[in-house]
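Dear colleague,

I am handing over the structure below, which you have not worked with before.

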Protein chains: 2
Amino acid sequence: MKYAFLPSPWKESADHLRAAGHEMVDLSENPDLLIFRGGASDFPAELPESVKVVQIGYAGVEQLLEAGILARHAGCGVRFANAAGIYDDTVAEATLALLLAVLHRHKAVSREWNQEQLFGETEYLFDAKKLAIIGAGGIGKKLIEFTAPFGVEITAVNRSGRDVSGADRTVAMGDVEAMEVVWSESDCVVLLAPLTPETRHLVDATVLAKMRNNAVIVNVGRGALIDTEALTTALQDGAIAGAGLDVTDPEPLPADHPLWEMDNVVITPHTANIPRFMARRVGALAARNWELFAAGDSMSTEVDVEAGY
Amino acid sequence: MKYAFLPSPWKESADHLRAAGHEMVDLSENPDLLIFRGGASDFPAELPESVKVVQIGYAGVEQLLEAGILARHAGCGVRFANAAGIYDDTVAEATLALLLAVLHRHKAVSREWNQEQLFGETEYLFDAKKLAIIGAGGIGKKLIEFTAPFGVEITAVNRSGRDVSGADRTVAMGDVEAMEVVWSESDCVVLLAPLTPETRHLVDATVLAKMRNNAVIVNVGRGALIDTEALTTALQDGAIAGAGLDVTDPEPLPADHPLWEMDNVVITPHTANIPRFMARRVGALAARNWELFAAGDSMSTEVDVEAGY
């Protein structure tokens, strides 16, 4: 298969595709497939007729949909695939790593050998913990898989309230009464939700006051899901026990912010998903999707060009 | 059920047993069961005839066996249970926490927002990793459960070479040729073995030189399984990528030891197993074993008083 890669190729993707026997060419050299990882304004005005498939290098293609790009080329028989789900396991693993680091008090470890302190403060995930996953989509499902062997009781929270497989129960985010129970009974709260007007400061002083004193919160969604100042106060006051943050608001968190100093707060610099990983996977995804296309099948991440996902 | 708890009770065990309706009494008040967590010299010279079951508060009862205590009381119809397996999941979870903290470079995080560095250095467990578990007993089996969803390829190493369920292969520690492959091909090496003359400095300069540059090693067995100075050198030279240590040699590791400073070394102060947890669980274990005994069944951790386990 010949493919073009615009606006500029990712080395890891190209390496993977070369190893799989595919050839990178210019758009003018009649590629079969286009890998595209730019914005709407970067999309070529015209595609050669040879292009049958466009593999997008990211998950959300709303911008291409709104610019009419999907519809225009679909009208000429071009099919689109996105990169949905491509970082579910990276983010789910990073989430579990943060959760365990907070529960196991890694940051409180001292070279002064504070074993007695850690004996008292270490908590275990498997120890009859109630875990709430707020925004339980693809990443949440992966996190459910990763945490299942620990026997945690999982409440999935999503917009629709439609049952999430593997969770002990699913709650709709708009169900005020059920959410009261989620906030007040969970030992671990993981935030994976997108940022919308409804989810901004979802975790504020009011919600933090409802949470258990032993509760830990992990945010790998968007920083502004949490009111940072309210979180800082809750942690200082012992209203909750700890936090693991891959995203913050503001981001980067200023170097003099008190959260950096707290030994019950583990921060990673928005690294739950990693470009190098995306790059490697997009190559494999394009190759797999091309195989499916060539076999006359639906592609694994085929985009409904009207719905845009 | 009435029980005595010698040499002195654990509060958490007593709390659990009280909640379950059992009553703590002195040894002189005809208890049905004795919970014992001392050494051979602490064991009462005589047990009242009322005592049918002795629940030991730890796993290894060799000392009681050698002192003849098991045989003597077994001869009078007393049955013994130990606490085998009681910390498998605490240690396995702590092991996974250390492994993830090293792979995800938690200690390298900087408030100077070193995102680019972490993009480059973070590794994922699920990413086609080969994991070797050296000393794969009960804890190892639990670790296999916890890591199974990550799709890692697991090599279990034990003394007998007898197949460990859930591992992709099992290797006998004495199989020199197979161990060469284990050392040279594993991305993650977890040490869970007991310390014996054969396992002392199992990981020395020679073994470290065989390991992959990207390899990380996690020790939750005994500190002296690793030659600490050789490990320090290997980490300084980049011969291996990182280490997670719950045990060290010497222990505590001196506050000025260079391992403390390394951002690819995560150390916890021998807290993979936690007394508070043991204490809580011994109560539950004693209650469960009493139920089994009362029902005429074999107890869940019944000791073969001749074999001593």
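What follows is a description of what was found, going from the whole assembly to single residues.

Please bear in mind from the start that this is a predicted model. Chain A can be superposed on chain B, with an RMSD of 0.1 Å, by a rotation of 180 degrees with 0.0 Å of shift along its axis. The two copies are thus related as by a two-fold rotation axis. As for where they touch, 100% of the interface residues of chain A are also interface residues in chain B, so the copies meet through the same surface.

Of the 309 residues of chain A, 56% count as buried. Among the contacts in chain A with a separation of 6 or more, 62% are accounted for by residues 24 or more positions apart.

The strands of chain A can be described sheet by sheet. One open sheet is formed by five strands in the order 2-1-3-4-5, with parallel pairing. At its edges stand strand 2 (23-24) and strand 5 (79-81) of chain A, each with a single partner strand, so one side of each is left without a neighbour in the sheet. Within this sheet, strand 1 (residues 2-6) and strand 3 (residues 33-36) of chain A pair in the parallel sense over four bridges, and Phe5(A) stands opposite Ile35(A) in strand 3 of chain A. Helix 10 (residues 275-294) of chain A lies across strand 3, strand 4 (53-56) and strand 5 of chain A, and runs at about 150 degrees to strand 4 of chain A.

Another open sheet of chain A is formed by seven strands, again with parallel pairing, in the order 8-7-6-9-10-11-12. Here strand 8 (169-172) and strand 12 (265-267) of chain A stand at the edges, and since each has a single partner strand, one side of each is left without a neighbour in the sheet. On average, and with direction ignored, neighbouring strands of this sheet are turned by 15 degrees against each other. Strand 6 (residues 130-134) of chain A is joined by five bridges to strand 7 (residues 153-158) of chain A, the two running parallel, and Lys130(A) stands opposite Glu153(A) in strand 7 of chain A. Strand 7 of chain A is mostly covered, with five of its six residues buried.

Helix 6 (residues 138-147) of chain A lies across strand 6, strand 7 and strand 9 (188-191) of chain A, at about 165 degrees to strand 6 of chain A, while helix 9 (residues 228-237) of chain A lies across strand 10 (216-219), strand 11 (242-245) and strand 12 of chain A, at about 145 degrees to strand 11 of chain A.

Next comes the interior. In soluble globular proteins, nonpolar side chains tend to be buried together. In this model the largest nonpolar core has 76 residues, and those with the most contacts inside it are Leu96(A), Leu125(A), Leu96(B) and Leu125(B). Apart from it lies another core, of 38 residues, among them Val189(A), Ala193(A), Leu202(A) and Trp113(B). Leaving aside its neighbours within four places in sequence, Leu125(A) is in contact with residues including Leu96(A), Phe150(A), Cys188(A) and Glu93(B). Cys188(A) counts as buried, at 0% relative accessibility, whereas Cys76(A), at 65%, counts as exposed.

Finally, some loop residues deserve a look. A cis peptide bond, with omega about 5 degrees, joins Asp249(A) and Pro250(A), and the peptide bond from Glu251(A) to Pro252(A) is also cis, with omega near -5 degrees. Pro250(A) is placed in the loop between strand 11 and strand 12 of chain A, and Pro252(A) lies in the loop between strand 11 and strand 12 of chain A as well. In chain B, Asn30(B) has a positive phi, near 55 degrees, although it is a residue other than glycine; Asn30(B) is partly exposed, with a relative accessible area of 45%.

With best regards

Notes. Residues numbered from 1 in each chain as written. Chains lettered and ligands numbered in written order. Predicted model: local features only at pLDDT ≥ 70, side-chain atom pairs only at ≥ 80, totals over all residues. Heavy atoms only, no water. Least-squares fit on C-alpha atoms with pLDDT ≥ 70 in both. Contact = heavy atoms within 4.5 Å. Core = buried A, V, L, I, M, F, W, Y, C linked by side-chain atoms within 4.5 Å. Buried < 20%, exposed > 50% of the residue type's maximum accessible area, 1.4 Å probe, protein only. Pairing = 2+ DSSP bridges. Axes fitted to C-alpha atoms, helices over the stretch in contact; angles between N-to-C directions.
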